Amino acid sequence: MNYLKKLGPKKCRRISLAFVWIGVIMVVAGALMGKGLGTNFLLWIGLGLFVIGVVFGGVTVRCPQCGEMLVGHRPFPKVCPNCEWKIK
Ligand SMILES: [Zn+2]
C-alpha cells in the first residue's frame, strides 16, 4: 500500500479508471455476444475488473495528507477540498 501512496492519487485514479473502462468494454462485448449469463465469461470478467477498478479507486484515490476521498470530484481537484494539500 505504501507504494500506491507514493504513486499519488492522480496516477491511482488513472489506473482505477483504466480498470473500470476495460471492465465496461468487456461487459458490453460480452453482452453483444448474446451468450447466457452462466457461460458468458467475458461479461463476468469485465464485471470483476469494473468492481476492482471502483474499489481500487475508493481505496487509493485519496488525499495523502488527510485521507479525504478524491473520487467523484469533477474536474479532478487541484488541491484537496478538505485540507488544501496540493495534489501532484
Ligand atoms: Zn487533504
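This report walks through a predicted model, taking in its zinc site, helices, pockets and chain end.

## Ground rules

Numbering runs from 1 along each chain as its sequence is written, and side-chain values use heavy atoms, with hydrogens and water left out. Because the model is predicted, local features need pLDDT of at least 70 and side-chain atom pairs count only at pLDDT 80 or more, while totals for chains, interfaces and linings use all residues.

## The zinc site

Four cysteines hold the zinc ion through their SG atoms: Cys63, Cys66, Cys80 and Cys83, at 2.2 to 2.3 Å. Donors here are N, O and S atoms within 2.8 Å of the metal (3.2 Å for Na, K and Ca); water is not among the atoms, so sites may look incomplete. The angles among the four donor atoms run from 107 to 112°, and the site is tetrahedral (for four donors, that label needs all angles between 85 and 135 degrees).

Along the chain, the donors of the zinc ion are spaced as C-x2-C-x13-C-x2-C. Cys66 and Cys80, 14 residues apart, link distant parts of the chain, and both sit in the segment after α3 (41-60). The cut-offs are under 20% relative accessible area for buried, over 50% for exposed and partly exposed in between (1.4 Å probe, protein chains only).

## The helices

Helices are DSSP runs (H or I, at least four residues; strands are E, at least two), numbered from the N terminus. The expected span is 1.5 Å times one less than the number of residues. Its buried residues are Pro9, Cys12, Ser16, Val20, Gly23, Met26 and Gly30. Just past α2, Gly34 takes a positive phi of about 70°.

α3 checks out too: its 20 residues should span 28 Å, and its end C-alpha atoms are 28 Å apart. Among the buried residues of α3 are Leu43, Leu49, Phe56 and Thr60, along with several glycines, including Gly46 and Gly53.

## The pockets

The largest pocket has a volume of about 230 Å³. Its lining takes in 14 residues, with Ser16, Leu17, Val71, Gly72 and Arg74 nearest the centre. α2 (9-33) and α3 each supply at least two of the lining residues, and the lining divides into six nonpolar, six polar and two charged. A pocket is an open set of points on a 1 Å grid over the protein atoms alone, where a 1.4 Å probe fits, with protein on both sides within 12 Å along at least five of seven lines; lining residues have an atom within 4 Å of a point.

The second largest pocket holds about 160 Å³ of space. It is lined by 11 residues, and Lys5, Val59, Thr60, Arg62 and Pro64 are the closest to its centre. Here α1 (2-7) and α3 each give at least two lining residues; the lining splits into six nonpolar, three polar and two charged.

Glu84, in the segment after α3, has a positive phi of about 65° although it is not a glycine. Glu84 counts as exposed because its relative accessibility is 62%. Trp85 also belongs to the segment after α3, but counts as buried at 18% relative accessibility.

Conventions. Tetrahedral: all angles 85-135°; square planar, octahedral: opposite > 155°, others 65-115°. Points joined across faces, edges and corners; volume = space filled by probe spheres on them. Nonpolar A, V, L, I, M, F, W, Y, C, P; charged D, E, K, R; others polar.
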